[in-house]
Amino acid sequence: MLRMTNLSKVYRTHMIETHALRGFEIDVREGEFVTVTGPSGSGKTSFLNIAGLLEEFTSGDYILDGVNVKGLDDNARSRLRNEKLGFIFQGFNLIPDLNLFDNVDVPLRYRGFNAAERKRRIEDALAKVGLASRMKHYPAELSGGQQQRVAIARALAGSPRLLLADEPTGNLDTQMARGVMELLEEINAAGTTILMVTHDPELAVRTTRNVHIIDGQVSDLVRKGPSLVNPVATAAATA
Amino acid sequence: MLAYYFRLGLRSLRRNPLLTALMVLTLAVGVAASVSTLTILHMMSGDPIPEKSNRLLVPRFDNGPLDGWAPGDEPSDVQMSYPDVANLLKSGQGERRTALFGIAGPLEPPRKDMPAFVADGMAPTRDFFAMFDVPFLHGQPWSEADDARAADVVVLGRAMAEKLFGDADPVGRQLRLMGTPFTVAGVVDHWNPRPRYYKLVGGNTFGDADDFFIPFTTAIRHEADNNGGMSCSSKREPGYAGLLASECTWLQFWFEARSAADRSDLQAWLDNYAGEQRKLGRFQRKVPARLYDVMEWMEELKIVGNDNKLSVWLAFGFLALCLVNTIGLLLAKFSVRASEIGVRRALGASRREIFRQFLIETGVIGLTGGVLGLVLAFGALALIGMQGKEVAAMARMDWQMLAMTFVLSVAAAVLAGLLPTWRACQVTPAIQLKSQ
Amino acid sequence: MEIRPILSALLRNKTGPILVALQVALSLAILANAVYIVNERRAVIARPSGIADEHSTFYITARNLNSDGPEQRLATFRREADLLRAVPGVASVANVSQMPLSRSGWNTSILLDQRQQRENASASMYLSSDSLVKTFGLRLVEGRDFLPQELVDLDEKTQDRAPDQVILTKALADKLWPGASAIGKAIYFGKSVEGMSSRVVGVVERLQSQNAPIGEKAEWSVIIPARRYGDTAAMYAIRTEPGQRDRVMKEAESVLRKTSSTPMILEMRTVDQDRKTLYRSDVALQWMLVTVSLLMLLITCSGIVGMASLWVTQRRKQIGVRRALGARRLDILRYFILENVMITSAGVFGGAALGLALNQLLVSKLEMARLPAGYLAGGALLFWLIGVIAAYGPAWKAAGISPATATRSV
């Protein structure tokens with residue numbers, strides 16, 4: 001599904017060069033639920049941005065669902081994001097002036113579906129997260145957990161291949177967080193690949209696989225589970 | 001506290017110079033446009049003689065023929081015929097009275113080196129000078145006896161006296177006017193009320209001061225031509241005698257009442273007179289006699305024209321646009337400071353304090369706009385004055401208008417600032433402190 | 001086209017959009033009326049007076065300070081006119097009672113039947129015992145000029161009678177006898193001169209009155225083949241060869257003064273000067289309207305740009321999120337331009353209504369003319385265009401916001 005090889009990302013500002021990622025390698029297979037952990041400043045956000053085609057990388061290779069991302073122009077990347085990826089942010093990032101229906105609608109409009117198709121998908125997505133009855137409500141009227149569920153619905157509405165989540169439970173209390181995690185696990189069980197960045201070790205424990213980033217590189221700390229082995233070695237073996 | 005807010009306001013102006021400059025400029029331009037057009041309107045329509053403008057009264061009859069007239073038609077004549085003027089002068093009504101008409105005649109200066117030229121003057125009766133508070137530099141108005149015997153005496157305007165006689169006192173000297181020697185009785189000091197409210201018909205309403213004054217009876221005796229308007233709607237015999245006997249209207253008349261209360265008595269007398277004239281067959285139309293005081297007369301004769309009014313409306317419409325624009329700019333300016341407001345509120349500022357601080361800030365903008373607006377207004381008035389001497393006389397700012405500039409600017413700024421300031425107060429401390 | 005969500009979002013946050021729409025509305029309303037008035041005045045100022053070559057025409061008011069009797073005066077006037085004709089460069093001289101556009105002169109009532117009550121028209125009177133058709137260069141469209149024997153000199157102190165022949169302007173003829181020829185018809189000059197009627201012998205295309213007000217009255221004039229002389233000064237209208245006017249003026253003055261035994265007072269004015277003075281305030285109003293209109297456009301433009309920039313700044317995060325969700329740069333650009341067009345449209349419709357209301361006020365209170373629809377339509381197009389152009393800059397900036405803004409915490 002997602003494979004990065006020898007990827008590096010360098011930020012250059014005035015006289016300073018920051019290597020956010022260097023020699024980064026990762027391989028995520030279809031259907032996996034992978035958590036990405038690491039201390040602050042380790043490069044998690046850069047990794048997520050690049051994985052989500054939100055930023056360009058300096059060197060290396062990135063193949064997403066069989067498509068080589070390098071060399072794609074902005075329009076092509078936007079299209080790819082729109083069709084293949086779904087995003088869930090820590091701050092929910094719902095548009096406050098739009099109701100739930102219109103919020104979930106945003107990515108579908110860029111897809112070019114007709115009105116009937118969009119309506120169907122929105123209703124399905126909101127039903128899946130249990131908020132179909134509040135379609136006409138505005139984000140300000142919902143709790144944090146509910147807003148995050150709407151964000152998930154927005155991410156799902158376009159039937160993405162890969163879901164990218166950036167600290168989805170960071171702004172939620174424990175009960176809401178648990179609810180969101182259960183929802184994500186449901187979605188993963190239904191077949192969607194999920195890549196989740198978190199610094200909560202408890203959450204990292206729940207998933208099948210955990211990737212740890214330190215200083216812009218994948219470290220060889222892995223937890224128990226089917227992939228209880230150095231991920232680099234695993235990638236080399238299956239290549 | 002207010003001084004603190006004032007300083008804060010000044011400092012905030014400097015922080016975002018582009019936005020501030022835009023706001024101040026927009027406000028200044030709007031204020032300048034409004035003030036300059038208002039100034040001209042103010043000069044044109046201000047009360048020229050407030051102490052007695054309600055006691056100086058113009059009578060108006062309708063001595064037109066029945067032909068071509070339907071009851072209810074507005075009277076078209078604004079002047080009076082000689083028979084009526086003669087009757088009113090004799091009547092003794094009111095504290096004082098005067099009849100006048102404009103004359104222009106050849107003046108031959110006593111100095112041989114100066115060629116003859118046409119001078120513009122007026123022929124009132126003696127009471128005119130007292131009625132209109134005309135200031136004298138030398139000598140005095142001619143006497144009643146001079147009026148009675150139509151003596152060849154003249155009162156000069158100051159500019160004309162200086163032109164003919166320099167700085168010397170010319171009383172008693174002679175000059176040739178309309179071919180006859182006249183003796184100078186006095187010199188009027190600088191006196192040029194604009195508009196020329198005592199002689200609104202006949203042109204030169206905003207022009208130069210009158211060159212000379214001679215007695216009304218004298219001008220009639222010399223058969224001086226009327227330098228003004230004339231309207232003849234019935235038959236008129238040829239010659240000057242024919243003019244005096246006709247119903248042509250070419251003269252203007254003023255009463256001075258002792259007090260405003262005496263106006264009704266005068267009206268009653270006029271109604272009576274009109275009734276008598278109708279019986280005599282002179283007034284054929286059934287139109288009541290009317291009286292106008294100074295302000296009413298200026299209004300009736302439409303001294304302030306439609307174009308002036310249009311200019312004022314346009315300027316205020318423009319100011320409204322500048323106001324709305326300023327509201328938008330202020331909203332922008334205040335919204336980027338939401339975090340500052342949140343912090344201030346967290347540190348203990350009440351809503352009212354925030355309101356006061358930001359309203360004073362808009363006041364500072366208003367003052368700055370006012371200063372710039374004043375400069376621009378002067379420039380605009382100078383530009384308008386380039387049209388000609390007459391307009392330039394109107395395009396002059398007095399203290400009232402100066403003060404008005406600042407009042408208008410600050411009021412406009414505060415009005416524009418009300419909504420943004422109110423918005424600023426609504427910022428709750430908590431939400432703004434939490435980063436997005 | 002995502003019109004509905006944009007509209008929904010705008011309605012949630014009404015203040016900013018309303019302020020912009022209000023500015024557009026105010027500007028459009030005032031601008032449409034202002035431009036119309038400017039055009040109207042331009043048309044008024046451009047009206048020809050009827051004088052063929054205004055740049056070469058001037059007039060002298062000559063006043064002789066002698067004490068001659070009427071016959072001697074008449075002789076002096078004739079002599080003065082001959083002297084003027086002899087000046088090189090002079091094409092034609094005529095004595096005349098008043099000049100068009102000079103703001104000084106007489107009007108008279110015209111009646112078709114002396115017995116009737118109301119006048120048919122009020123016309124400006126031009127008296128001359130020379131040929132005004134020749135000196136002014138008027139264009140005869142019907143009939144003929146006066147014959148020499150028809151031109152008379154009358155002592156106004158003793159004689160007063162209606163002229164036997166008159167020449168009218170076309171506008172006056174059409175008013176009195178619509179659709180018919182005026183030649184040979186009779187008119188009466190109000191009640192002030194009783195008796196005989198005057199017969200129309202010629203119709204000139206155009207000769208404006210001394211005041212040339214707005215409207216058809218400006219074109220109603222009658223030429224009377226008589227000079228009425230009395231104590232008043234004599235006025236001579238002089239047409240020179242092209243380009244010679246200023247030189248002729250100086251020579252004319254000196255020739256008149258030199259040949260007079262008694263002192264003279266001479267005043268000279270050109271038709272160009274009269275035209276400039278007459279329309280001075282109209283020109284000033286035009287300048288004022290144009291200046292204010294341009295300023296309004298500028299201010300509205302800056303208002304749109306400012307507001308749009310503010311919204312882009314305020315919605316940085318949101319724009320990043322949209323990009324993250326798959327919006328291309330073009331989609332963001334289109335969103336902002338569309339949003340702006342919607343706001344401008346609201347302003348345009350409001351402005352059209354306001355403009356009509358304003359015009360109604362002007363018509364009723366200030367005697368102005370009704371606004372033709374074209375001005376509002378043109379103004380609407382202009383503001384739509386301005387809305388798009390003004391929003392382009394901020395929209396372009398918005399499109400440049402990186403999708404990574406979505407994940408960054410501010």
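Student: At roughly what angle do the axes of H2(C) and helix H11 (residues 373-399) of chain C cross?

Tutor: Happy to start there, with a reminder that this is a predicted model: local features need pLDDT of at least 70, side-chain atom pairs count only at pLDDT 80 or more, and totals for chains, interfaces and linings use all residues. Residues are numbered from 1 along each chain as its sequence is written, while chains are lettered from A and ligands numbered from 1 in the order in which they are written. Axes are lines fitted to C-alpha atoms, for helices over the stretch in contact, with angles running from 0 to 180 degrees between N-to-C directions. The axes of H2(C) and H11(C) come within 9 Å, and they cross at roughly 135°.

Student: What does that make the orientation of H2(C) and H11(C) to each other?

Tutor: Angles under 35 degrees count as roughly parallel, over 145 as roughly antiparallel, 65 to 115 as roughly perpendicular and the rest as oblique. The crossing is at roughly 135°. H2(C) and H11(C) are therefore oblique.

Student: Is the crossing of H2(C) and H11(C) left-handed or right-handed?

Tutor: A crossing is left-handed if the near helix is turned anticlockwise from the far one by less than a right angle, and right-handed if clockwise. For H2(C) and H11(C), the crossing is right-handed.

Student: At about what angle do H2(C) and helix H10 (residues 329-366) of chain C pack?

Tutor: These helices have their axes 7 Å apart, and H2(C) passes H10(C) in a right-handed crossing. The residues of their contact divide into 16 nonpolar, seven polar and no charged. H2(C) and H10(C) are oblique to each other, at an angle of about 40°.

Student: How does H2(C) run relative to H8(C)?

Tutor: The axes of H2 (residues 15-45) and H8 (residues 280-314) of chain C come within 9 Å and cross at roughly 160°. That makes H2(C), relative to H8(C), roughly antiparallel.

Student: How many charged residues are in the contact of H2(C) with H8(C)?

Tutor: H2(C) passes H8(C) in a left-handed crossing. The contact has 21 nonpolar and seven polar residues. Its charged residues number three.

Student: Which element gives the most to the side of chain C that touches chain B?

Tutor: Here 48 residues of chain C are in contact with 44 residues of chain B. The elements of chain C that give two or more residues to this side are H2, strand S13 (264-270) and H8. Helices (H or I, at least four residues) and strands (E, at least two) are DSSP runs, numbered from the N terminus. With 15 residues, the element that gives the most is H8(C).

Student: Is Val305(C) buried or partly exposed?

Tutor: Val305(C) sits in helix H8 of chain C. Leaving aside neighbours within four places in sequence, Val305(C) is in contact with Ala390(C), Gly393(C) and Pro394(C). A residue is buried if 20 or more other C-beta atoms, placed from the backbone, lie within 10 Å of its own, exposed if 12 or fewer, and partly exposed in between. Because Val305(C) has 17 such atoms, this residue is partly exposed.

Student: And how many other C-beta atoms lie within 10 Å of Ala171(C)?

Tutor: Ala171(C) lies in helix H5 (residues 170-176) of chain C. Not counting residues up to four places away in sequence, Ala171(C) touches Glu216(C), Glu219(C) and Trp220(C). Ala171(C) is buried, and the number of other C-beta atoms within 10 Å is 21.

Notes: Nonpolar A, V, L, I, M, F, W, Y, C, P; charged D, E, K, R; others polar. Contact = placed C-beta atoms within 7 Å.
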